[in-house]
Amino acid sequence: MIMEIGIVLDASRLARAPLETVELARLAEERGLDLVVVADAATGTSAGLDPWTAAVWLAGSTRRIAIGAPAGATTAPDPTDPQAQYPSVIAKALDSIDLLAQGRIISDPAGWVVAPRDAKPAELARLAEADLPVVVPVDSREDVERLAALAAEGDHRSGVRRRSAAVRAQRKPGIDYDGVPASLADAAVEPGDPQYRSLSSTYLRGGAPGLVLRPSTPAEVSDAIEFARRHRHLPLGIRSAGHGISGRSTNRGGLVIDVGAMNTISVVDPVRRLVRIGPGATWKQVAEALTPHGWALGSGDYGGVGVGGLATAAGIGLLSRNHGLTIDHLRSVDLVLADGRQVRASREHNPELFWAVRGAGANFGIATSFEFEVDEVGEVGWAQLVLLSTDIEQSLRRFAELASSAPRDTTVFLVTGQPRAGTSTIQLFAVVDNPDPDTVVARLTPFLELGALAGQQVVMTPYSGVMGNAADVGPNGHQGFGEPNSRSAFLPTLTPEFARDAAAMLRSGGVYFFELRAMGGAIADVAPGEASFSHRTPAFQLTAMGQNNQRLNAVWEPLRQHFDGLYLSFETDRSPERLLDAFPAPVLERLRTLKHRYDPDNLFRDNFAIDPRTTKEAQA
Amino acid sequence: MTDYGHDLLFGAFITPAAQQARQVVDLAVTADRAGLDLVSFQDHPYQASYLDTSTLLAFAAARTERVHLNANVTSLPLRPPAVLARAAASLDILSGGRFELGIGAGAFWDGIAAMGGRRLSAAQGVTALREGIEIIREIWDTTAPGEVSYDGQYYSVKGARRGPRPAHDIPIWVGAYKPKMLALTGAVADGWLPSIEYLPRGADSLPELNARIDGAAHDAGRDPAAVRRLMNFMKVQLSSAPRGLLNGPPAAWVDQIVDLALRDGISAFIIGGDDPSITERFGAEIAPAVREVVERERKAGAAARPPRA
């Protein structure tokens, strides 16, 4: 067995002989011991060193060894007591040392076992059976050397990467950490690991998963799914680039399968413009890779979004009116199913699954590779306009007329928020898929009547210049926190009544982000039955985000009469009736049948989960 | 003249950014190697993007060798004084006498309340700080008999253990701007630690503010020179042309710092900006030049620079 051994330093000894005592910690580290604990065993009238300060000092004085630093109170103190600490400040201190010492701190005194000073090897071994490090009080270099010799003698560590006690102390319950498949063990990240913070949150959501598995091949995805099946009791998030709003690609205490490493982009057939793309690539990367060929594949409106989530939902983007949805370009997809099988879905292979993946893909497996037929797209006009409107209702009505009647080379999205002092700031994001600058200007000019022009940027650029708006995610990862509150809907048409009600919603202040995406054009060329995303005929897709979910619901509800269905990617409501908004009843029935076939235990349930066990009767 | 005759100190005011924890510690190490005297971090526990300052101070102290460290300045309302005193003394012992105590009455009361702290008025905060300083000095005084008992308006304790005793007499530097705080500083503090940007008229405010501290010191029967005058300069820049205070070529920095030292009695110059190259040049180039001039002028007795107009 593996025995981890550490030392206990006494806080009053640290006060009397600080340098020599700190040297004992350094020696313990040099000799390969695992843990140093500071114990506040001071007696008498004069206090020993503050254990927290001493522990932090020891962490700063060493590089590898774990430091045991018991944190203090957890209850609100009496503010007049000069000796009582604030729990909030203690929590911050713990968080800070975790950053500074990179996961080497064990703050829970239950994270180690204290052995008597003169414990014999047999006793140490017995205490180590708790799978916790055993620490022994020491006073001298000789004591440390003796322990180090004992530890070396009993050391039968295999070549398996074993995390330190400090890291293991941060593990979450219910996860078989030691049972992570060997193929995934090296890349897996758990709460005490240095990379953990960069992987715990997503773009708009804070999280603290218990384990992030990072497969880089389909076989490894299969292993990860097998591991997830053994943890059916925990939340499971599937992440490509972490922009999911409906898709919960982080969670608290559960598993995340992150396919970000599977991000290759390659040309399969230059004549047919067939391109193979991994789910972890971002649309910015895809656009950059296709530009040299004079090609583009429409995505959404932000380059930081990952391929996997979007290409299994729909992809309503800035090229859609001219080139259709992203899923309309999908020719085949390789998936790993809930039972671990690797399958291909296309018109020829598993056509039913191919239908299901294009709209409800998150329910059916983890995509490991997509094959798209992309279009020739040259330079486009890319415009970002800021307009100030004192009559948002009228501006919305006029926008609808202009955006829907524009030639299909023109796709315009409108973003606004709460009016300030009666004035709404309208942002327009527009792509004109036409290489002629004069035509671009002509297409955009009518939109200037929506308000007073307060800012404009119009450039001719390949599509990669449009996707290039996304900031790169740095080594610290995403920094989302809390939960986003987002509602989504399709508008068959944008009526004057909708404009009136939407203006009222915006004035209420319950919505800070409001986006209308113009649809129509090539989107509607495809038959509704082609894919499980069946909303081919709406004029607009609407998204509204609010700070407070209850308030958002209150201001959203009056608009519901104007809606027909929703685009799941922007909906955070998990009420069962939303499923029927995303998938009309016949579509949902067909999906449920397929779900029963492909994922009967509902393993994949982080994004508009279709429960295979729910029958039509049970819903009624 | 208001040169109080202290040795000059040069320091860095480093943003304790949690997202850049490693760079923050690296900058402290840079300051240490550049020969600076002080590394300091602001203390705003309610600021989510900052590291905990007490923790950062102890960690950075362990990674440095010569430089002294201080909070700039500790928010007393969230740092109970006995706890603060023990942490300070502990760090002073471990670092071989390299810890100094910057302290303030607290600002941003919404943030303090959000962390569970007690909301006080400005005047209440001054009294609480006075009490806090008394408790801190009591805890440090291990030669006094018995345990610490204190019955104040804002803090009280019966029978707190004394100690540990710091490795050196830790000076208490107070962040102060308003008359009551300046009076407290003159009466009980070992130093005054404001930021030049927050003085009502910048350096032109110094004669008046110094006079308030001097007056309070006199009233308390102390020598005004017992209160060192320190100063933060948050916005500094090395540039080829002189553009303002500590915004220009090194030679202009030297002139300006010498002037502040000899005319206004400032004896510690702590710069922000988080720029490693400015930090290095401040320590290696500017500080020695300032020291040379000030030493020469002090020896020549030429310290009688006229007061500011």
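A search of the whole structure, which is a predicted model, finds 58 salt bridges over all chains, a salt bridge being a side-chain nitrogen of Lys or Arg within 4 Å of a carboxyl oxygen of Asp or Glu. Side chains of opposite charge can pair when their charged atoms come close. In this predicted model local features need pLDDT of at least 70 and side-chain atom pairs count only at pLDDT 80 or more, whereas totals for chains, interfaces and linings use all residues. Residues are numbered from 1 along each chain as its sequence is written, chains are lettered from A and ligands numbered from 1 in the order in which they are written, and side-chain values use heavy atoms, with hydrogens and water left out.

One of these salt bridges joins A:Glu530 to A:Arg347, with the closest N and O atoms 2.6 Å apart. A:Glu530 belongs to the loop between β22 (513-518) and β23 (540-546) of chain A, and A:Arg347 to the loop between β14 (342-346) and α14 (351-360) of chain A, so the pair ties together parts that are 183 residues apart in sequence. Helices (H or I, at least four residues) and strands (E, at least two) are here DSSP runs, numbered from the N terminus. A:Glu530 is partly exposed at a relative accessible area of 27%, and A:Arg347 is likewise partly exposed, at 48%; buried denotes under 20% relative accessible area, exposed over 50%, and partly exposed the range in between (1.4 Å probe, protein chains only).

A salt bridge with an N to O distance of 2.8 Å links the side chains of A:Glu557 and A:Arg560, of which A:Glu557 is partly exposed at 42% relative accessible area and A:Arg560 partly exposed at 23%. In the salt bridge between A:Glu589 and A:Arg592, the closest N and O atoms are 3.8 Å apart. Both residues lie in helix α21 (residues 585-598) of chain A, where their spacing of 3 residues separates them by about one helical turn. A:Glu589 is partly exposed, with a relative accessible area of 24%, whereas A:Arg592 is buried at 6%. A network of salt bridges connects A:Arg163, A:Arg171, A:Asp178, A:Glu190 and A:Asp193.

Chain A as a whole contains 22 helices and 23 strands, and its C-alpha atoms fill a box of roughly 85 × 60 × 55 Å along the principal axes. Of the 620 residues in chain A, 57% are buried. Among the contacts in chain A with a separation of 6 or more, 73% are between residues 24 or more positions apart, contact being defined as heavy atoms within 4.5 Å.

Within chain A, 5 strands form an open, antiparallel sheet in the order β10-β11-β15-β13-β14, strands being taken as paired if DSSP finds at least two bridges between them. The edges of this sheet are β10 (265-269) and β14 of chain A, each of which pairs on one side only. Neighbouring strands of the sheet are turned by 20° against each other on average, direction ignored. Helix α14 of chain A packs on the sheet, touching β13 (330-336) and β14, and its direction makes about 95° with that of β13; axes are lines fitted to C-alpha atoms, for helices over the stretch in contact, and angles run from 0 to 180 degrees between N-to-C directions. Strands β11 (residues 274-277) and β15 (residues 366-373) of chain A run antiparallel and are joined by 4 bridges, and A:Val275 has A:Phe372 in β15 as its bridge partner.

The contact between the chains takes 49 residues from chain B and 44 residues from chain A. About 3800 Å² is buried between the two chains, with carbon and sulfur atoms giving 63% of this area; buried area is the accessible area (1.4 Å probe) that two parts lose on being put together, summed over both. On the chain B side, B:Phe59, B:Leu94 and B:Arg161 lose the most area to chain A, together 19% of what that side buries. The count of salt bridges between chain B and chain A is 0.

In chain B, UniProt places the feature "domain: Luciferase-like" (unreviewed entry) at residues 17-230; UniProt positions are given in the numbering used here, feature names are shortened, and annotations may be inferred rather than shown by experiment. Over residues 17-230 of chain B, the chain is 41% helix and 15% strand, with the end C-alpha atoms 24 Å apart. B:Gln153 is found in the loop between β6 (148-151) and β7 (156-160) of chain B and is exposed, at 60% relative accessible area. Leaving aside neighbours within four places in sequence, B:Gln153 is in contact with B:Thr127 and B:Glu131.
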